[in-house]
Amino acid sequence: DQTGSGPAAALNALTYALVTAAAPLQAGDYVSLYVTGLGTVHPVSGLLVADQQPSVMVDGKDCPVVYAGRAPGFDGLDQINCQIPSGIAPTSSAPVVVTSGWRSNLATLSIR
């Protein structure tokens with residue numbers, strides 16, 4: 001909602017479906033989170049990868065990051081792909097926080 005809180009700007013990284021209560025994620029799914037502020041980048045295999053690897057926590061559990069850098073084709077937009085950990089109770093508002101030299105506002109993800 002552009003306030004930096006509320007539902008995260010997120011897509012299921014394999015289906016590209018918008019993550020909502022009607023289309024939640026589950027353990028093992030990969031999610032693409034869209035953020036700004038990852039900082040400087042360097043090229044790797046045609047992508048602009050963040051120099052500083054961020055961390056992502058979903059419901060207090062580590063969401064292992066597999067990509068962090070510029071969102072391909074979108075100047076000024078960063079993308080973080082991570083894998084949803086197991087052990088999160090089904091909810092439409094699992095807290096998600098990104099840390100990368102700064103700590104993001106609290107956003108949420110729907111998990112089944």
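User: In which element is the place of Ser 92?
Analyst: In this predicted model, Ser 92 belongs to a strand. That strand is β10.

User: Is Ser 92 buried, partly exposed or exposed?
Analyst: The relative accessible area of Ser 92 is 48%. Buried residues lie under 20% and exposed ones over 50%. Ser 92 therefore falls in between and counts as partly exposed.

User: Which residues are in contact with Ser 92, leaving aside its neighbours within four places in sequence?
Analyst: Ser 92 and Arg 112 are 20 residues apart in sequence, with C-alpha atoms 8.0 Å apart in space. Beyond four places in sequence, the contacts of Ser 92 are Ala 21, Thr 108, Leu 109 and Ser 110.

User: How many helices and strands does the chain have?
Analyst: From the N terminus on, the elements run β-β-β-β-β-β-β-β-β-β-β. The count is zero helices and eleven strands.

User: Why is the chain described as being as compact as a globular protein of its length?
Analyst: The globule rule gives 13 Å for 112 residues. The chain is as compact as a globular protein of that length because its radius of gyration is close to that value, at 13 Å.

User: Where is Leu 25 placed, and is this residue buried or exposed?
Analyst: Leu 25 sits in the loop between β2 (10–12) and β3. A residue counts as buried under 20% relative accessible area. Leu 25 has 0% relative accessibility, so this loop residue is buried.

User: Which residues touch the most other members of the largest nonpolar core?
Analyst: In soluble globular proteins, nonpolar side chains tend to be buried together. Here the largest nonpolar core holds 24 residues. Elements giving two or more residues to this core include β3 (30–35), β6 (55–58) and β10 (91–99). The residues touching the most other members are Val 31, Leu 33, Val 56, Val 58, Ile 80, Ile 84 and Leu 109.

User: What share of the contacts with a separation of 6 or more joins residues 24 or more positions apart?
Analyst: Val 58 is in contact with Ala 94, Pro 95, Val 96 and Leu 109, among others. Across the chain, residues 24 or more positions apart account for a share of 50%.

Conventions
Residues numbered from 1 in each chain as written. Predicted model: local features only at pLDDT ≥ 70, side-chain atom pairs only at ≥ 80, totals over all residues. Heavy atoms only, no water. Helix = DSSP H or I, 4+ residues; strand = E, 2+ residues; numbered from the N terminus. Rg over C-alpha atoms; globule rule 2.2 N^0.38 Å. Contact = heavy atoms within 4.5 Å. Core = buried A, V, L, I, M, F, W, Y, C linked by side-chain atoms within 4.5 Å. Buried < 20%, exposed > 50% of the residue type's maximum accessible area, 1.4 Å probe, protein only.
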